Every structure is written in C-alpha cells, then in structure tokens.
Amino acid sequence: MSALTKAKGFKKSKSGTYLSIGTTAFGALSVVKQAKKARTEHDALKLVDAVVSAAAIITGLAILYRELKRLGDDDVLLG
C-alpha cells in the first residue's frame, strides 16, 4: 500500500475526521481575533469578512459531523 493510498484512507477514517474537526475549530480562533480587531477599528468590511469566514467554519464543521455520522461513529457525545 503506497503512502498516498494510506493518506487517502486516513482522510476518510474516523481519526482523520476528528483531526479535521480539530484543525477547523482551531481556525475559528483566528476568525474570532479578526472579528474583535475589526470591531475595535470600526472596520465594517473586515467584520463582514470575519462573519463570512465564521459561516464557512460552521458549515465545514457541520459537514465533518455528518461524515462522522456516516462512518457510523458510536461515540457517546454524538448520540
């Protein structure tokens, strides 16, 4: 099995999905900082950018959650 095949398999695994959720959630920290800075600077355009970025993160997390459910994860937290 090649390294590329292993990497593709990991991406579709529960572990890979959890890792993706973690990195996506970590990206939310920079969006929060961006929004705070935009508010203190009264920069509406930067604030809109932060809101759109936050919406993208929320959508990404929802897609990853759905992927976990599709994989049949029996984690207690997921129900």
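Author: A residue is called exposed when its relative accessible area is over 50%, buried when that area is under 20%, and partly exposed in between. The model we are discussing is a predicted one.

Reader: What makes Arg 70 count as exposed?

Author: The relative accessibility of Arg 70 is 56%, and because the cut-off for exposed is over 50%, Arg 70 is placed in that class.

Reader: Why is Glu 67 called buried?

Author: Glu 67 has a relative accessible area of 18%, and since buried means under 20%, the word buried applies to Glu 67.

Reader: How do you know that Glu 67 forms a salt bridge with Arg 70?

Author: The closest N and O atoms of Glu 67 and Arg 70 are 2.6 Å apart, and a salt bridge asks for a side-chain nitrogen of Lys or Arg within 4 Å of a carboxyl oxygen of Asp or Glu, so this pair qualifies. Glu 67 and Arg 70 are three residues apart in helix 3 (residues 44–70), which means that about one helical turn separates them. In general, an α-helix has 3.6 residues a turn, so residues three or four places apart point the same way.

Reader: What makes the pair Glu 41 and Lys 46 a salt bridge?

Author: In this pair the closest N and O atoms lie 3.6 Å apart, and because the limit is within 4 Å, Glu 41 and Lys 46 also form a salt bridge. A search of the whole structure finds two salt bridges.

Reader: How do you know what span is expected for helix 3?

Author: The expected span is 1.5 Å times one less than the number of residues, and for helix 3, with its 27 residues, this comes to 39 Å. From its first C-alpha to its last, helix 3 reaches 39 Å, close to that expectation.

Reader: Which residues of helix 3 are buried, and what do they pack against?

Author: In helix 3, the buried residues are Ala 50, Ile 57, Leu 64, Glu 67 and Leu 68, and the buried residues of this helix pack against helix 2 (14–40). Across the protein, buried residues make up 15% of the 79 residues.

Technical notes
Residues numbered from 1 in each chain as written. Predicted model: local features only at pLDDT ≥ 70, side-chain atom pairs only at ≥ 80, totals over all residues. Heavy atoms only, no water. Buried < 20%, exposed > 50% of the residue type's maximum accessible area, 1.4 Å probe, protein only. Helix = DSSP H or I, 4+ residues; strand = E, 2+ residues; numbered from the N terminus. Contact = heavy atoms within 4.5 Å.
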